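Hi,

Here is the structure I promised to pass on. Have a look at it first, and then read my notes below.

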Amino acid sequence: MTIKNDPQRMEKIVSLCKRRGFIFQASEIYGGLNGVWDYGPLGVELKRNLKDYWWRVMVRERDDVVGMDGAILTHRAVLKASGHEDTFSDPMVDCRTCKTRLRADQLPEKNGVKQCPSCGGKDLTEARPFNLMFSTQIGASADPDAIAYLRPETAQSIFVQFKNVLDTARKKLPFGIAQIGKAFRNEINPRNYIFRSREFEQMELEYFCRPEEGMKLLDYWLEQRLKFYENIGLPREKLHVLTVPDSDRAFYSKGTYDIEYEFPFGLQELEGVAYRTDYDLTQHQTASGKPLDYFDEETKARFIPHVIEPSAGVDRTVLALICEAYDEETVTDDKGKSETRIVLRFHPRVAPIKAGVFPLLKNQAALVEKAREVQALLRPLMNVFYDETGAIGRRYRRQDEAGTPFGITIDFETLGERDPALRNTVTLRHRDSMEQERVKIEELCGRLMSAIS
Ligand code: GAP
């Protein structure tokens, strides 16, 4: 399926992300580091909410999954056994004209001849494999034994710690080990903003099972993961499931699905759900000489468990959330003037700021005091933003652009000056409909918590 590219929309999103403090280029004041990004104040909250929700549904709300947090620096032997040292590579060519290094499998063709996308040159070197792992040196020694890698995926530390977790968490099959953390790949062509970068985060689950349960659990986890995306605001109709054909699947995998999303730059992978059989544990058992098998108390059999792996990218999902949320609409103000409202329609669960708290006027001490009280009431429960500067309409607009689902205004009614019956009520404004209602302060926590959790 081809999805229409919309570079203009993407440009607007990138510009908003910088202007509002979601995402910045890493090392920007020194010219930037290609394929590396920093998250600003709003971006870090969005990313944290996404990871927290993943952890909640994948670990805390389940009896059959435990978590771990492995090291980034990885022993060379781990990535030798997993196959990464020998085969984790992309085919690469160099353009002899402009010296650009390119991925051989992504070159545009003209009249059947491959071309350099930078200069149009056709004088390209032969394709050769380029290993994507970042290596480093442990300690002061220059000995090849001192080589270690920055992990290219979080999964391997889960396999390597399988026995320790099994022994300490005392789980029975089927059970999973989950991890969220950084991974590093020296991508030849980092592109599409934070979609393909050199430093990124993954949310991975390795779900261990008996061999006969594998295919059923593969479909179970695909369904769970689709529900997850719907629950954070990515509609089902924009998610596509690709059944990876036999020819493209890793040789050890019995089945793999890619979950793809309609980004403004096309249909692209968010997550892979793969049935990896017993490949990884067998590799590590053989290479380390340490048993990584499972003893089934009921059947008294020993075997290497099989594994299903839903592996999602944090940064890609953040980008999908921003792309999905971005909206522009024409609105008319009280004076009949129309203007464009930019609004990020995040699901309240992932929105970086849950509520803006506004005293109607900053020069009225009683309004300010009450607004600070409301801020203090909500703060332990959620991220709120206090703003007293500018006209109230402008303050609403600023929060619309940040994707804040609720605005709370403390006005003269709150103080009971106009109608004593309205004392201790506030105006609750809804971002998407812009509708306003009066709500008692004592009901605010309950109302907002049910929307954001
Ligand atoms: N353990 C399996 C594994 O790592 P993968 O398909 O290579 O599989 C899983 O990666 C997910 O990690 C991808 O679906 C994507 O969301 C994310 N990912 C991979 N490479 C990435 C990159 N260079 N930049 C951002 N995210 C990436």
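**Around the ligand**

A polar backbone atom of Leu270 sits 2.8 Å from an oxygen atom of the ligand. Before I go on, keep in mind that this is a predicted model. One involves the side chain of Glu309, where an N or O atom is 2.9 Å from a nitrogen atom of the ligand. The other is with Gly313, and here the backbone supplies the N or O atom, 3.0 Å from a ligand oxygen.

How much of the ligand's accessible area does the protein cover? On its own the ligand has 550 Å² of accessible area, and the protein covers 88% of that.

Which elements give two or more residues to the shell? They are strand S13 (199-209), strand S16 (266-277) and strand S19 (306-313). S16 has the largest share, with 5 residues. In total, 20 residues surround the ligand, and Glu153, Arg185, Glu204, Glu269 and Leu270 are the closest. By type, the shell divides into 10 charged, 5 polar and 5 nonpolar residues.

**A helix pair**

Helix H2 (residues 41-60) packs with helix H7 (residues 214-231) at an angle of about 140°, and their axes are 12 Å apart. That angle makes H2 oblique to H7. For this angle, the cut-off to know is that only values over 145 degrees count as roughly antiparallel. The crossing in which H2 passes H7 is right-handed.

**Two backbone spots to check**

Most peptide bonds are trans, and most residues other than glycine have a negative phi. Two places in the model are worth a look with that in mind.

The peptide bond between Leu173 and Pro174 is cis, with omega at about -5°. Where does Pro174 lie? You will find Pro174 in the loop between helix H6 (162-169) and strand S12 (175-184).

The other spot is Asn111, a residue other than glycine with a positive phi, near 50°. Asn111 is also in a loop, this one between strand S7 (109-110) and strand S8 (113-114).

That's everything from me for now.

Cheers

Notes: Residues numbered from 1 in each chain as written. Predicted model: local features only at pLDDT ≥ 70, side-chain atom pairs only at ≥ 80, totals over all residues. Heavy atoms only, no water. Near = heavy atom within 4 Å. Polar contact = N/O pair within 3.5 Å; in protein donor to acceptor, adjacent residues only side chain to side chain. Areas by Shrake-Rupley, 256 points an atom, 1.4 Å probe, with all protein chains shown as cover. Helix = DSSP H or I, 4+ residues; strand = E, 2+ residues; numbered from the N terminus. Nonpolar A, V, L, I, M, F, W, Y, C, P; charged D, E, K, R; others polar. Axes fitted to C-alpha atoms, helices over the stretch in contact; angles between N-to-C directions. Parallel < 35°, antiparallel > 145°, perpendicular 65-115°, else oblique. Left-handed = near helix turned anticlockwise from the far one by under 90°.
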